[in-house]
Amino acid sequence: MHLKITQNGMQSLLVDEGRKGHQHQGYCQSGAMDEEAYWWANFLVANPHGTPCIEVVGELALICALHGTIAATGRDAVLYINQQQKTPYTSYRVKEGDEISLRSETLGSRTYLAVAGLWQVPRHLGSACTVTREHIGGLHNNGKPLQIGDGLEITVNNDTSRVFRSRSLPEKYWPSYDLTEPLRVVEGYQSDSFSGVAKQVFFTSDYKVTSDISRMGYRLSGTPVQSTQDSMYSEGIHLGAIQIPKDGQPIVMMKDRQTLGGYPKIGSVTPNDLTKLAQAVPGECVSFVREHSDNARARFLLQWQKRLRLSGDIQ
């Protein structure tokens, strides 16, 4: 299947599971910012886990050159096929000449477009993920986002493509991006360098998502939090780590974060809740609550169990 990009939005990137196991070499983890939406997009078109898809900020438009199967997911995803609106979290058959457009109703949030088949895109260290600051990944392995006029080649299994059965995730099971509930945080790193008062401030305050956000990190604005640690050696940075620089404004580290950092870290946002933050836009507010690491791990495993149970019911 061939897809031609006719509109690339604010940013459209090839993403997959990321470059796991290479942070010690200086490569960031990367991967889909919203892992839940990414997983469902590929499942709905019957792709193996780890298959690339397109992560979209803004509006993406494409034209199909061959028959294929697509699905769109993400926060408030709006999908059109030939100017007819379709329901997200559902797979659809498309044919040569069909026009596809995808955006989010919440400007700045991310949507995902999955296409069934084997994506003919280059891999660097086992991943097709686009990392602009490292100049790797993407359609030409140069770190550039998708551009108008770019073409994507996806090999379709002719035997399975003749028989199409739509998959659909019921709306009540779509991922929730509600930010009224606090994001859960596992304390760690330099937690002891924050006084009881500083922690109380952090866990009882609301923080606004600023315009200074990217796949690397989300800067928040609110009541400053101070650490007693004046200096420290740089160390590895975990996904979701909450750095507190000298100005006291938290920075939550995301998928394209640097591998090392020297700011004190009060803890890490749990993986289950990090997808909510990844879909937040400037002006929205978040708050935080403590969670024990055992409970965070149990919630993570339960989410996977629920995902597998639902996918089994949809098969």
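1. Rings of Phe, Tyr and Trp (its six-membered ring) pair if their centres lie within 6.5 Å; planes under 30 degrees apart count as stacked, over 60 as edge-to-face and the rest as tilted. Ring pairs of this kind join Trp-39, Trp-40, Phe-43 and Trp-304 into a cluster. The structure has nine aromatic pairs.

2. A word on the source. This is a predicted model: local features need pLDDT of at least 70, side-chain atom pairs count only at pLDDT 80 or more, and totals for chains, interfaces and linings use all residues. Residues are numbered from 1 along each chain as its sequence is written, and side-chain values use heavy atoms, with hydrogens and water left out.

3. Two cluster rings carry a charge (NZ of Lys or CZ of Arg within 6 Å of the ring centre and within 35 degrees of the ring normal). The charged end of Arg-167 sits over the ring of Phe-43, 4.4 Å from its centre. That of Arg-307 sits over the ring of Trp-304, at 4.3 Å from the centre.

4. Phe-202 and Phe-203 form an edge-to-face pair, because their ring centres are 5.0 Å apart and their planes stand at 80 degrees. Phe-202 is buried (under 20% relative accessible area, with exposed over 50% and partly exposed in between; 1.4 Å probe, protein chains only), at 0%. Phe-203 is buried too, at 12%.

5. Tyr-207 and Phe-288 make a tilted pair, 6.2 Å centre to centre with 50 degrees between the planes. The pair links distant parts of the chain: Tyr-207 is in strand β14 (residues 207–213) and Phe-288 in strand β22 (residues 288–290), 81 residues apart. Strands here (E, at least two residues) and helices (H or I, at least four) are DSSP runs, numbered from the N terminus. Both Tyr-207 and Phe-288 are buried.

6. Strand β20 (residues 265–269) has five of its five residues buried, so it is largely enclosed by the rest of the structure. Strands pair if DSSP finds at least two bridges between them. Strand β13 (residues 183–187) pairs with β20 in the antiparallel sense over three bridges. Val-185 stands opposite Val-269 in β20. Strand β17 (residues 241–243) also runs antiparallel to β20, joined by three bridges. Here Gln-243 has Lys-265 in β20 as its bridge partner.

7. An open sheet of five strands is ordered β2-β3-β10-β5-β8, with antiparallel pairing. β2 (11–15) and β8 (91–94) are at the edges with a single partner strand each, so one side of each lacks a neighbour in the sheet. β2 pairs with strand β3 (residues 53–57) over five bridges, and Ser-12 stands opposite Val-56 in β3.
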